[in-house]
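The model is shown first, and the description follows.

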Amino acid sequence: MAVEAKDGPRADTGVRTRRTDLWWWQPLMTFVALTAFVAYGLFITFVDRNYFWEPYLSPFFSPCLTDSCPASVQWQSWPVGAVSPALIVLVFPLGFRATCYYYRKAYYRSFWLSPPACAVAEPHRRYTGETRFPLILQNVHRYFFYFGVLFAAILTYDVVIAFRDHQGHWGHAGLGTLLLLINAVLIWGYTLGCHSCRHLTAGRINHFSRHPVRYRWWTFVSVLNARHAQWAWASLVWIALSDVYIRLIAGGLISDVRFF
């Protein structure tokens, strides 16, 4: 079977691609990294302990919904029974990330091979895009964005609480405080750089000169949006690092490094 090209018919060689570079490396690394994060998240969710050490609360379990946390960080003591509070908390940030435009590209290529890389044939015979169930649900991303902003604000509150010592006295900071602070900054950078946020700031505007404030916000969001992939990965990795540090302290394996 011949394939029409600009320079005439081209023979079908039957190979997936003519690329000679390591095109498979990026989707492979993405597959490994996302699988590792999901596996770690499921593990700590069902372990369900060592996620709080005064004054640090793991981002995976924030906001705290059980009475195992002191009143300073406890939002609501819900009768969740045997269900880990992380399963309730993570629904919203996970929904925000899972429907994110960048993450769609990442797991479409690495898990579904649709396609695995540019100029590489995919194994699927049909392409329906995101017009059918369940992928049509990706359109709820714009609504999950509002939950993303809410959770970014909650993690910022956790940073404020972290400026205390183990006895609850204010005006102190440790390595955990710094980790949670960087985590909040990365989460805000990822959230505000979202494509939905960019549309929200200047969507349906025909003349920027008539909306100078919204134009400034759009410019700021566009700068973040240009590095959306980097913000996405940095914030994802930092969430895990922050959780590991807090978990090691709560488990008595290491001591918190105090700055002042």
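## Pockets

The largest pocket has a volume of about 880 Å³, where a volume is the space filled by probe spheres set on grid points joined across faces, edges and corners. A pocket here is an open set of points on a 1 Å grid over the protein atoms alone, where a 1.4 Å probe fits, with protein on both sides within 12 Å along at least five of seven lines, and lining residues have an atom within 4 Å of a point. The lining of the largest pocket comprises 34 residues, and F37, P93, L94, R97 and A98 lie nearest its centre. At least two lining residues come from each of helix 1 (25-47), helix 2 (85-89), helix 3 (91-98), helix 4 (101-110), helix 5 (141-161), helix 6 and helix 9, helices being DSSP runs of H or I with at least four residues, numbered from the N terminus. By class, this lining has 26 nonpolar, seven polar and one charged residues, with Ala, Val, Leu, Ile, Met, Phe, Trp, Tyr, Cys and Pro counted as nonpolar, Asp, Glu, Lys and Arg as charged, and the others, Gly among them, as polar.

The second largest pocket holds about 300 Å³ of space. Its lining consists of 15 residues, of which S114, Y127, T128, G129 and L135 lie nearest the centre, and it divides into six nonpolar, five polar and four charged residues.

## Basis of the model

The model is predicted, so that local features need pLDDT of at least 70 and side-chain atom pairs count only at pLDDT 80 or more, whereas totals for chains, interfaces and linings use all residues. Residues are numbered from 1 along each chain as its sequence is written, and side-chain values use heavy atoms, with hydrogens and water left out.

## Helix 6 and helix 9

The axes of helix 6 (residues 175-192) and helix 9 (residues 228-250) come within 8 Å and cross at roughly 155°, the axes being lines fitted to C-alpha atoms over the stretch in contact, with angles from 0 to 180 degrees between N-to-C directions. Helix 6 is therefore roughly antiparallel to helix 9, a term for angles over 145 degrees. Residues in contact (heavy atoms within 4.5 Å) include L179, I182 and L186 of helix 6 and W231, W238 and Y245 of helix 9. This contact has 15 nonpolar, six polar and no charged residues.

## Helix 1 and helix 4

Helix 1 and helix 4 pack with their axes 8 Å apart, at an angle of about 105°. The two helices are therefore roughly perpendicular to each other, the range for that term being 65 to 115 degrees. P27, T30, F31 and L34 of helix 1 meet Y103, A106, Y107, R109 and S110 of helix 4, giving a contact of six nonpolar, two polar and one charged residues.

Terms used. Parallel < 35°, antiparallel > 145°, perpendicular 65-115°, else oblique.
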